[in-house]
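Please read the notes below with the sequence and the model side by side, and check each point as you go.

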Amino acid sequence: MTPRYIKQILFGSLAVVFLVTSMKYGFGEAWLSQYTYALAPAADVMQPASPAPNSAKPQVVQQPDTALPPKPQPLSKRVVEYHINVSLRDDGQHLDGAQDVTWTNPGKKTVSELYFHLYPNAFQSPKTTFMTESHGMLRKDKATPNSRSHIKLLALQTLEGESLLPRLQYTQPDDGNPSDYTLARLRLPEPVPPGKSVTLRMSYEVKLPEVFARMGYSGDFIMAGQWFPKLAVYETQGTRGRTSEGWNVHQYHGNSEFYSDFGIYSVRIQVPETYTVAATGFQTKPIVQQDGTKIFQFYAEDVHDFAWAASPNFIYEEVAFSDKGIPGVRIKLYLDPAHAELKDRYMHAAKSALANYSRWYGTYPYNTLSVVVPPKGAAGAGGMEYPTLITAFAAENSDPGYELERTVVHEIGHQFWYGMVASNEFEEAWLDEGFTSYAEDKVMEAAYGITSNLRLEASYMTHPAPLKQPSWAYGNHLQYAENVYMRAKLVLVDIENKVGEKMMNRIMRTYFQKYKFKHPATVDFQRVVEQVTKADWTEYFNQFVYSNRMADFSVDAIEVKSIEREEGQLYESTVLIKKNGGTSGPIPILFKFIDGSTITKEWAGDESHIQYTEVTTVPLEWVMVDPDHTNVLDNKLINNFMLAELPGETRTRWNVGVSKFIQGVLSMFGW
């Protein structure tokens, strides 16, 4: 048996060890939960407390918040303004809504039509675009026979009472699917000049699905996300590189999330009297109880969405928190009783996230942050972000590991990389999910000492794709998640490795400060990177952002010859190193000889390959590319190492040593 076959057996064995380790920690499903796992510390570091009994009752009475005085200057353009009344029916499955919505034309052209997102219609039938693309699944969440929903417009009129429903048309600009009703175009009776406004009056019925894909009911728990007719974004010239202004409109797709304009929300929510409500913004009036119901009034400004949750079982806790970049915020927990005893962990995670993000990037300007813990069975509502409100994982497990903290930290990260820096999640999801995943890792390390296994995460990049592309252009949800969460994070880590942590902090803070309350694009981030580093990053972005490149380097061939010289026997080693992906040099290369000596080379990696020839007094034992694993974009580490072809007598001795090593590895599995 030649050393080449021994090498194959050796790497096969190591691959088995790698696979078993991977399966043990569940890395194969890392992105299914909207974040990437890290190896947890020993179990005795943090032992969760026992769950509270289901009979636990709220310990703190929810009171109206102290409203902040009006800001002297709005933080955003406030293109939209919603005044909404919504009631939850006694059946817990229907919403009755009425709203006045005002849109102000932010452009320089007269606009004659509006577009509305009607997201609940995504689950109207198996033929919608969302359902056909997702096959009724999102992450680990599956649609049930009761996961049908709709939003029915009952009235749409001007303030003068003119009905506009006959003017409404459903449109499917992305795929032409006639069974999709998630986007509607309204031709206005009178066009809206630049800087002027139009107000429409609407009423509607929403049938909630059994919890699926971020919204719905589960028993008596309600998650109202993307629940009302929501105006699309009218992009002005220059926004996200547009050469001319116009609407940015897309249907609701299986992979995509959302994109909306900033504005003001005043929302009155009526629920059965046993319910408690969590919502975007802050509560402006005392709770009113009448005729067996409770009425909550919430207000939010400079946000681009409004979500709420309700349950009669919430255990409500709150703390006041302030820190650098946090003038004062009330953190509110709406806990499922099964996690009542874990409140301190939720609070610590929320404080750690807010404190670090605000210190690193900029001020959290809102006076509330709500954390909702859905009950067991409502996992589809968990792990999601909305302005000033997030949902944690559902309380499926009474003894959760660090996924509890990681989920809270990740979703609060979205308050910055989605809530304030409001990128287009339809078309450039990596600017949201990738940035949040990168920032989340930073907080987990700072607050809990947990570092992600980047080598392992990179190895799961089996289908790299461009980061800047529509969410529905990815082949499936797995490829979408691999790229916009994981590969995007690795690209940011790689940039940090090249420029240093201090300069990377400047890049991220500059980007946040420049584009908060705006809608930036990938080109805007690239421009910030170039401005801060004073370097041209065009080639890098072309390879790793606009294209699907990884940075795979391999030891392709080794040949060792015994040569006779006057000074004695020498060995000539020829090594071929290949570049199989993008350029991400310089790449270190380690040569190890049988006497233990080493030589390190550094290759710029600009060419497709490079060949090294070394003449030494002892044979070459092996060669390894990137021995310290600094190249985080290398997703094929198995080709980084190769044993040398040893000549003559040395080869025989090596065969015996390798055989004993392989026997040792195999004995661990009892083979």
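1. In which strand is the place of Ser 311? Ser 311 belongs to strand S20, which covers residues 308–311; strands here are DSSP runs of E with at least two residues, helices are runs of H or I with at least four residues, and both are numbered from the N terminus. This is a predicted model, in which local features need pLDDT of at least 70 and side-chain atom pairs count only at pLDDT 80 or more, while totals for chains, interfaces and linings use all residues. Residues are numbered from 1 along each chain as its sequence is written, and side-chain values use heavy atoms, with hydrogens and water left out.

2. Is Ser 311 buried or exposed? Ser 311 is buried, because its relative accessible area is 5%, and buried means under 20%, exposed over 50% and partly exposed in between (1.4 Å probe, protein chains only). Leaving aside neighbours within four places in sequence, Ser 311 is in contact with Asp 220, Phe 221, Thr 274, Tyr 275 and Thr 276, where contact means heavy atoms within 4.5 Å. The C-alpha atoms of Ser 311 and Ala 278 are separated by 9.0 Å, although these residues are 33 residues apart along the chain.

3. Leu 165 sits in the loop between strand S6 (150–158) and strand S7 (168–170), and with a relative accessibility of 27% Leu 165 counts as partly exposed. When residues up to four places away in sequence are not counted, Leu 165 touches Leu 153, Leu 154, Ala 155 and Leu 156. Between the C-alpha atoms of Leu 165 and Leu 186, which are 21 residues apart along the chain, the separation is 8.3 Å.

4. Arg 78, in the loop between helix H1 (3–25) and strand S1 (80–88), has a positive phi of about 50° although it is not a glycine, and Arg 78 is partly exposed at 21% relative accessible area. Arg 240, in the loop between strand S13 (233–235) and strand S14 (246–248), has a positive phi of about 55° and is not a glycine either; Arg 240 is buried, with a relative accessible area of 13%.

5. Finally, Asp 606 lies in the loop between strand S29 (598–603) and strand S30 (609–616), and Asp 606 is exposed, since its relative accessible area is 54%.
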